[in-house]
Amino acid sequence: MARSEKAVVVAGIRKSFGSVAALRDVSFEVERGEVLGLLGPNGAGKTTTVNILSTLITPDSGRALIAGHDVVSDPAGVRRSLMLTGQYAALDDMLTGRENLLMFGRLQGLKKKVAKERAVELLEQFDLEAAADRPVGTYSGGMKRRIDIACGLVVRPEVVFLDEPTTGLDPRSRQAIWELVTDFKEAGIATLLTTQYLEEADLLSDRIVVIDKGTVIAEGTADQLKERTGGTYCEIVPRNMRDLPQVVRVLGPLLPPAIRAALSETSDRISMPAPDGPTTLMAALTKLSEANIELTDIALRRPSLDEVFLALTGDHAPGSDDRTDKFAAVDAYA
Amino acid sequence: MTGSLQATRSAVPAAARPRVNPIQQWWVLTVRMIIPTLRNGELATQIIGSMVFTVGYYLPLKEMMGQVQPLSSYAQYLTPLIILQAIWFAAVSAAFRAATDSVQGINRRFRAMPIPAIMPLASRLTASMYRCCIALVVSVGCGHVIGFRFHGSVLHILGFAGLVLLIGATLAVIGDLIGIASQNPEATAPMMLVPQLTLGLASVGLQPVDRFPDWIQGFVRNQPLSQWVYALQALAGDTTDAAPKVTWAVMTPSLIWAIGAGALAVVLHRIVSRRRR
């Protein structure tokens, strides 16, 4: 494939299971060396998307390319380019870690000697030397995650599918996965990270695609998504609550009328939009300081991705639960 | 892990991907099935199983059935059934492994790798044939100990082994089918063992068909296990003239049962594996 081509192109894929539409028009792209977070609650269609991209099922319509290979017309090319991990794949629990690495190396066409050397290298890099000759069935959760990823790296993939790679890991192991994803970026490998955890998507991804009920509902960097739900605001807490009316007066035009109107006698702080970020904060601080108003706290706050996520997928009211469960069931089956 | 991954070396290999070799893949996947049998006691169970079948049938039944069967010895009469039970036992392991792979999700990983779709099944069946060969050798050995001998030509001995392996292949495909259809390793054993025991007891393997009540004789004579027993008794031969003869009349039904059941299982296997997609 040409260097300039996108590593993953998904254009308008749809997939139904019986009468249930698991995917309704999903499109996104991943560049080489980019990490795309595919974020969505259980049953949103993440698994169905991954299954289509890894040629396990075919889409009803739409087009998907992995490293330039079409998932429908050239599945063999796709399978030569990708690496599956996590819930989407498994190892042989009866074989040892070393035997699994050896097996996957040989399945990928490595000569026996090369496969053995690669196994030793990977065991060392993933800190699994001590457990190398124990059956994988006896490994702890973190060790399984590591051997799973190691088995996908016996040969170079062009596209990596990571599924909640850091969930449930200790901070050291998380850090290591983070380093690994950096390695992927440097090597020009595209990473598709599927997760329902915002923190993970926020930390690891360059861009995030939010899907819900089989369709893309938002796309952008974590920052852009945060902007979408109101952006940055400035929070001001005076030392003495009696000063609150004076604060409002001093801030003057910085404070939009809507916020002003929303303040009541029980308010203990003022939250105002800060479209210019630090500059707005600076202006407020100067005005308040000139008026000799003592403050307990003044800070720029950003909505968390959790708030963004809830705002975007906000219709999870009791009435919609059945529907979500149905989707979850379909997605799990797929 | 942190320390080593933080080192300067990248975990991503720089070398280009080698070409995959389907023959190598078939062998690697077959070895994958065989290695655990040496460690988890499956091979030992297989060997002990053959011995238990021999002792369990021969000792208690020798006096009673020995008098009513036509051959020179009860060992000569009984051994074909012992061999068939042993290869059926091997197919139980095949079903278990197929179900385990299916439920653990390793098949999904193989399907997303550059491996021809037929290869995992081909490897499971190869591993099943390995189990069959062990079952055949061990149970013939057990038969030899109690007095079973080949009296026919070399061709007949080869035919004997060939028919056992053909039946073993059919049972392996059936076992694999049950495994992927149930996706439940624990459920496979009863599903395989119930027909093994019922067909085994209601067959001509333990006693001649005229020892059964009239109403069930038609079933006993014509069911697959009995037809296989007749064919194997014929191919093994005997010092007396009482063994069935190696004729098409004796061989054809046993071949039809083996090939027919195998073909049906292959068709069902294709349907089930498509639906699993």
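Reader: Before we start, which conventions and confidence limits apply here?
Author: Residues are numbered from 1 along each chain as its sequence is written, and chains are lettered from A and ligands numbered from 1 in the order in which they are written. Because this is a predicted model, local features need pLDDT of at least 70, side-chain atom pairs count only at pLDDT 80 or more, and totals for chains, interfaces and linings use all residues.

Reader: Happy with that! How many helices and strands does chain B have?
Author: Helices (H or I, at least four residues) and strands (E, at least two) are DSSP runs, numbered from the N terminus. Read from that end, the elements of chain B go α-α-α-α-α-α-α-α-α-α-α. The C-alpha trace of chain B spans about 80 × 35 × 35 Å along its principal axes. The tally for chain B is eleven helices and zero strands.

Reader: What distance separates the end C-alpha atoms of helix H7 of chain B?
Author: The expected span of a helix is 1.5 Å times one less than its number of residues. H7(B) covers residues 154–182, 29 residues in total, so the expectation is 42 Å. Just after H7(B), B:Gln183 has a positive phi of about 50°. The end C-alpha atoms of H7(B) agree with the expectation, at 42 Å.

Reader: Is helix H10 of chain B largely enclosed or largely open?
Author: H10(B) has 13 residues, 224–236, and reaches 18 Å between its first and last C-alpha, close to the expected 18 Å. A residue is buried if 20 or more other C-beta atoms lie within 10 Å of its own, exposed if 12 or fewer, and partly exposed in between, with C-beta atoms placed from the backbone. In H10(B), 13 of the 13 residues are buried, so the rest of the structure leaves this helix largely enclosed.

Reader: Over to chain A: what is the strand order of its open four-stranded sheet?
Author: Two strands pair if DSSP finds at least two bridges between them. Seven bridges join E1(A) to E2(A), and five join E1(A) to E4(A). The edge strands, each pairing on one side only, are E2 (20–30) and E5 (69–70) of chain A. With antiparallel pairing, the order is E2-E1-E4-E5.

Reader: Which residue in the turn between E1(A) and E2(A) has a positive phi?
Author: These two strands form a hairpin with two residues between them. A:Phe17 has A:Val20 as its bridge partner in E2(A). The turn residue with a positive phi, about 60°, is A:Gly18.

Reader: Where in chain A is A:Thr55, which is not a glycine but has a positive phi?
Author: Phi of A:Thr55 is near 70°. A:Thr55 counts as buried because 22 other C-beta atoms lie within 10 Å. Its place is the loop between H1 and E4 of chain A.

Reader: And where is A:Lys213 found?
Author: A:Lys213 also is not a glycine, and has a positive phi of about 50°. With 20 C-beta neighbours inside 10 Å, A:Lys213 is counted as buried. A:Lys213 is in the loop between strand E9 (207–212) and strand E10 (215–220) of chain A.

Reader: How many residues does the largest nonpolar core have?
Author: A nonpolar core is a set of buried Ala, Val, Leu, Ile, Met, Phe, Trp, Tyr and Cys residues joined through C-beta atoms within 7 Å. Among the residues with the most contacts inside the largest one are A:Ile66 and A:Leu101. Another core, of 62 residues, lies apart from it and includes B:Leu84 and B:Leu136. The largest core has 83 residues.

Reader: Finally, which element gives the most to the side of chain A that touches chain B?
Author: Two residues are in contact if their C-beta atoms, placed from the backbone, lie within 7 Å, and 43 residues of chain A are in contact with 32 of chain B. Elements giving two or more residues to that side of chain A include helix H3 (97–107), helix H4 (112–125) and helix H6 (171–186). By class, that side has 22 nonpolar (Ala, Val, Leu, Ile, Met, Phe, Trp, Tyr, Cys and Pro), 14 charged (Asp, Glu, Lys and Arg) and seven polar residues (the others, Gly among them). The top contributor, with nine residues, is H6(A).
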